[in-house]
Number of protein chains: 2
Amino acid sequence: MSLPAENTRIVLAARPVGEPTPSDFRVESVPIPVPAEGELLLEILYLSLDPYMRGRMSEAESYADPIAVGDVMVGGTVGRVIESKDPGFVNGDVVLSFSGWQTHAVADAGHVRKLDPHAAPVQTSLGVLGMPGFTAYAGLLEIGRPEKGETVVVAAATGPVGSAVGQIAKIRGARAVGIAGGPDKVAHLRELGFDAAVDHRDPDFAAQLAAACPNGVDVYFENVGGKVWDTVLPLLNTYARVPVCGLIANYNLTSAPEGPDRAPALMSRILTKSLTVRGFIQSEFVKDQFVHFLADMSGWITDGRVRYREDVVDGLTNAPDAFIGLLKGQNFGKLLIKVAQ
Amino acid sequence: MSLPAENTRIVLAARPVGEPTPSDFRVESVPIPVPAEGELLLEILYLSLDPYMRGRMSEAESYADPIAVGDVMVGGTVGRVIESKDPGFVNGDVVLSFSGWQTHAVADAGHVRKLDPHAAPVQTSLGVLGMPGFTAYAGLLEIGRPEKGETVVVAAATGPVGSAVGQIAKIRGARAVGIAGGPDKVAHLRELGFDAAVDHRDPDFAAQLAAACPNGVDVYFENVGGKVWDTVLPLLNTYARVPVCGLIANYNLTSAPEGPDRAPALMSRILTKSLTVRGFIQSEFVKDQFVHFLADMSGWITDGRVRYREDVVDGLTNAPDAFIGLLKGQNFGKLLIKVAQ
């Protein structure tokens, strides 16, 4: 295979103020990097787009360092080995790596995971069998801990995290209530087996959600924040658990919203209802749980108990627009960029 | 023993708006109640005053029903049996009951706990060996779970909950940092063995607290809210635990404070630091933990590892003023009303 001449990559051009805009990104062409001993040159096949990337574009303190202006946007990727300098890999191997928004990358062979294209479509390692699926699995089972018959609510429920949360909740015998934006997404949740599905764009969303949770809410898997959180909070039962893995509604805030200050009321609610509100990043649970996750989730996919939906956008240079849309909930399923054929 | 002619009691005269005032309480004299079979007539010796009572005076939804206007103020009490209609008790027995703000009460024999005056001063059943001590024990050990060398911060630290939290943290090998109001209280914390003590009234409180926690904060035992919480929050380490048992600073709020709305920022902090914020009421843990608590705490008191301080006010009719002062932090140690000799 002859090597391509250039690596196309997308770098952070400027830190966004509020919602990212196309001008916050810049497409560059640079020479293809050269792998050293123990490294692999990868042709990227799929790039995963995920809400957490918004946090990395900002300078604010978070669980990971910000991307420097001028650096390649980060992201999980599936790539094909096109030059191996490591005895464990041959050309044509497909690997999971964290190579970011680019068409080619060099990766340390010790930092990639070889994928078996016969076991599952390789891009599922970025979705239902990857970080988003594991976020759902670990957060729901380690923090949410739904009991049989309890009510689990999740928003962004057609997304890769939310859809897994709802389906795993069902497997555990809980009642799953999904929140999504728009009638197509709501219909899809019903197809996935959610017990109820509510459209947060409906004017009577709060009343619909309350009606969908006649016994209150025992687990709210928080991945959106904002209006949905405000609506769920009064429905939480005593001893409810709230795993918090994302707050997409907050990511573009440039300052605290106008008052009144509802933080004291939030703390009071946590007190009077004996709530557990627990932030987490899936990486916390990888060591103990990832192997169980892969076994469980692979089985559930095989036997049809967990289904997943992908929203695939062709071409790396469409990543900025797709990402901007993701933050507005415009994707429908796991958002992937198909970088190469 | 001849029975007294009258029961003096203090009822809720009006629901407070903001800080309670003396006119929210009313002293009444009513006939001494008559015990039926299985009941005990008690002469109350000590009444416990605790911050939670403020919540019970309001109509807002909480973990317990509000006190009706005109009803006796609730509260834990130690009383002496002066007429027993139950074979398990004789006159002179001293019992723990929940008889409220009054000099005499009838209690169901099945709802009281007989105290051994030789084992510990009977009023400790309202403090270090009672609900406040157990709140500290269960919240710290079941939710806070401090590890050796971790930093535990607690406010209202000379109070019955806070002082137990700090001393149990020390027993578990953690570093204890106490927050209190005024130099006398801060000095007392040092006598109790806290590793550091900070006065929240000092203008440079935030800087002092940060200096007292050079490795950040792993457990913040939340019993006050307000400015202290605002100051601790930025110091919390990744994976910090925040048992929330009280929010005294919030109890007198009549509406949400002026903006900006800091609730989204609080949730973001919970997310990015993987915090656990967990409300609780001690009763949740009674069944599993109270017997262990009594054994552990009695031992710690006997061997001097846990010390306690009482703030005893004479006379039931002084209870309203003492309670109003409690909400302002004017007590110094466990606040008790000595109702009878």
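Aromatic contacts in chains A and B

Arg309(A) lies over the face of Phe332(A), 3.5 Å from the ring centre; a charge counts as over a ring if NZ of Lys or CZ of Arg is within 6 Å of the ring centre and within 35 degrees of the ring normal. In chain B, the charged end of Arg309(B) sits over the ring of Phe332(B), at 3.5 Å from its centre.

This is a predicted model, in which local features need pLDDT of at least 70 and side-chain atom pairs count only at pLDDT 80 or more, while totals for chains, interfaces and linings use all residues. Residues are numbered from 1 along each chain as its sequence is written, chains are lettered from A in the order in which they are written, and side-chain values use heavy atoms, without hydrogens and water.

Rings of Phe, Tyr and Trp (its six-membered ring) pair if their centres lie within 6.5 Å; planes under 30 degrees apart are stacked, over 60 edge-to-face, and the rest tilted. By this rule there are 24 aromatic pairs over all chains. Trp101(A) and Phe323(A) are edge-to-face because their ring centres are 5.8 Å apart and their planes stand at 75°. The two residues are 222 residues apart: Trp101(A) is in the loop between strands S5 (94-97) and S6 (104-108), Phe323(A) in helix H10 (residues 319-327). Helices (H or I, at least four residues) and strands (E, at least two) are DSSP runs, numbered from the N terminus. Both Trp101(A) and Phe323(A) are buried, meaning under 20% relative accessible area (1.4 Å probe, protein chains only), with exposed over 50% and partly exposed in between.

In chain A, Phe134(A), Tyr137(A), Phe290(A), Phe293(A) and Trp300(A) form one aromatic cluster.
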